[in-house]
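Here is a colleague's note on the charged side-chain pairs, written to be read with the sequence and the model side by side.

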Amino acid sequence: FNPPLKRKEAAVPGYWTLEEMANELECSTRKIHYDITGRAEGKRPATLKAYKAGSNFLIADEDAFNYISKNRK
């Protein structure tokens, strides 16, 4: 990636957390959450695949890299 990724060390190896994605893209965790779950009232479909782990979402590295490349400012 150019510029390089801000995340130096993963909290969960092989995955990105919601907070790590929000920090990387300089956006809110709410935006990332809506991209994972979609919005029924706005008829916005989910655009990001993630796994629910307890109360947090984990995004696989490959999906995260694709999402970052599409949404980086």
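Is Lys6 buried, exposed or partly exposed? With a relative accessible area of 43%, Lys6 is partly exposed; this value, like the others below, comes from a predicted model.

1. Across the whole structure, the search finds seven salt bridges, and the points below take up some of them.

2. Glu26 pairs with Lys6 in a salt bridge whose closest N and O atoms are 2.4 Å apart. This pair links distant parts of the chain, since Glu26 sits in the loop between α1 (18–25) and α2 (29–37), whereas Lys6 belongs to the segment before β1 (15–17), 20 residues apart. Glu26 counts as exposed, at 53% relative accessibility, because the cut-off for that class is over 50%.

3. A salt bridge also joins the side chains of Glu20 and Arg7, at 3.1 Å from N to O. Glu20 is part of helix α1 and Arg7 of the segment before β1, so the pair ties together parts that lie 13 residues apart in sequence. Glu20 has a relative accessibility of 14% and counts as buried. Arg7 and Glu20 are, moreover, linked with Asp61 in a network of salt bridges.

4. Within helix α2, Asp35 and Lys31 lie four residues apart, which is about one turn of the helix, and they form a salt bridge with the closest N and O atoms 2.8 Å apart. The two partners fall into separate classes of accessibility, for Asp35 counts as buried at 3%, while Lys31 is partly exposed with a relative accessible area of 31%.

Technical notes:
Residues are numbered from 1 along each chain as its sequence is written. This is a predicted model: local features need pLDDT of at least 70, side-chain atom pairs count only at pLDDT 80 or more; totals for chains, interfaces and linings use all residues. Side-chain values use heavy atoms; hydrogens and water are left out. A salt bridge is a side-chain nitrogen of Lys or Arg within 4 Å of a carboxyl oxygen of Asp or Glu. Helices (H or I, at least four residues) and strands (E, at least two) are DSSP runs, numbered from the N terminus. Buried means under 20% relative accessible area, exposed over 50%, partly exposed in between (1.4 Å probe, protein chains only).
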